[in-house]
Amino acid sequence: MTVHLLAISGSARRDSYNRKLLAAMVEGARAAGASVEVLDWSVHPLPIMDEDLEAAGIPEAAPRLKAAFRAADGYLIATPENNGGYPALLKNALDWASRGLGDPPGAGSVYKNKTAVVAGATPGRWGAVRSIRQLREVLGYLGCIVLPDTVSVNDAGKAFDAEGGLIDAKTRVLAQGLGAALARATQALKQ
Ligand SMILES: Cc1cc2nc3c(=O)[nH]c(=O)nc-3n(C[C@H](O)[C@H](O)[C@H](O)COP(=O)(O)O)c2cc1C
């Protein structure tokens with residue numbers, strides 16, 4: 001059975017290390033038979049979540065983002081760490097996609113019983129371990145089945161080659177394996 005995954009980088013930065021780490025995860029998930037959409041932040045220019053704003057008129061990017069979440073059976077996420085937590089970009093997206101946004105009654109959550117894996121990369125020593133932990137907790141709160149596996153890339157400035165590939169073969173295999181693990185777990189849950 002083909003499962004569909006949404007791949008989300010916690011950074012929209014052009015040369016993002018997390019986008020590169022995510023690419024290895026996506027490679028693994030596709031090799032394991034999943035279809036994967038990589039979220040393009042440029043088509044989801046979301047304002048900061050605000051209930052007054054929502055009441056005045058839902059920004060058009062929000063339902064579009066939620067539709068991408070809705071279509072996914074699971075989430076591949078690679079996140080940086082900002083001041084000891086995961087970035088506002090990610091939290092804002094998670095918050096918008098948790099809202100009704102004009103969905104029909106009973107449409108349900110875009111998180112509940114979906115699978116997720118979280119990895120992270122930073123140029124620092126600790127490889128986003130704090131933000132990975134926090135994001136895993138929030139995804140669990142939202143109802144996602146978060147796999148225990150993770151990959152943390154420290155010293156990210158030296159971890160990728162000119163083409164964006166992970167230089168260290170062991171880390172590359174781990175990142176690809178994380179994507180494959182999500183694909184397989186999602187396939188098993190859908191049967
Ligand atoms: C506001 C801000 C706070 C940051 N705080 C941390 C931090 O707490 N820990 C850390 O390891 N790196 C921190 N960094 C560095 C980012 O992890 C680094 O810029 C990373 O490369 C961003 O991810 P990206 O390469 O995917 O864009 C911070 C960066 C910014 C802009």
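Helices α3 and α4 sit roughly perpendicular to each other, a label that covers angles of 65 to 115 degrees (under 35 is roughly parallel, over 145 roughly antiparallel, and the rest oblique). This is a predicted model, in which local features need pLDDT of at least 70 and side-chain atom pairs count only at pLDDT 80 or more, while totals for chains, interfaces and linings use all residues. Residues are numbered from 1 along each chain as its sequence is written, and side-chain values use heavy atoms, with hydrogens and water left out.

Back to that helix pair. Helix α3 covers residues 61-71 and helix α4 residues 88-97; they pack at an angle of about 85°, with axes 9 Å apart. Here axes are lines fitted to C-alpha atoms over the stretch in contact, and angles run from 0 to 180 degrees between N-to-C directions. Helices are DSSP runs of H or I with at least four residues, strands are runs of E with at least two, and both are numbered from the N terminus. On the α3 side, the contact (heavy atoms within 4.5 Å) uses Ala62, Leu65, Lys66 and Phe69, and α4 brings Ala93, Leu94, Trp96 and Ala97. Sorted by type, the residues of this contact come out as seven nonpolar, no polar and one charged.

Helix α4 also has Leu90, Asn92, Ala93, Leu94, Trp96 and Ala97 buried, where buried means under 20% relative accessible area, exposed over 50% and partly exposed in between (1.4 Å probe, protein chains only). What do they pack against? The partners of these buried α4 residues are β1 (4-9), α2 (51-56), α3, β3 (74-79) and α5 (129-142).

Now the ligand. The residues around it include Ser11, Arg13, Tyr17, Glu81, Asn83 and Thr122, counted when a heavy atom lies within 4 Å.

| Residue | Protein atom | Ligand atom | Distance |
|---|---|---|---|
| Ser11 | polar side-chain atom | oxygen | 2.6 Å |
| Glu81 | backbone N or O | oxygen | 3.2 Å |
| Asn83 | backbone N or O | nitrogen | 2.7 Å |

Leu101 has phi near 50°, a positive value in a residue other than glycine. Leu101 belongs to the loop between α4 and β4 (115-121), and at 9% relative accessibility Leu101 counts as buried. Asp155, also not a glycine, has a positive phi near 50°. The loop holding Asp155 runs between β6 (152-153) and α6 (169-190), and Asp155 is partly exposed, with a relative accessible area of 37%.

Methods. Nonpolar A, V, L, I, M, F, W, Y, C, P; charged D, E, K, R; others polar. Polar contact = N/O pair within 3.5 Å; in protein donor to acceptor, adjacent residues only side chain to side chain.
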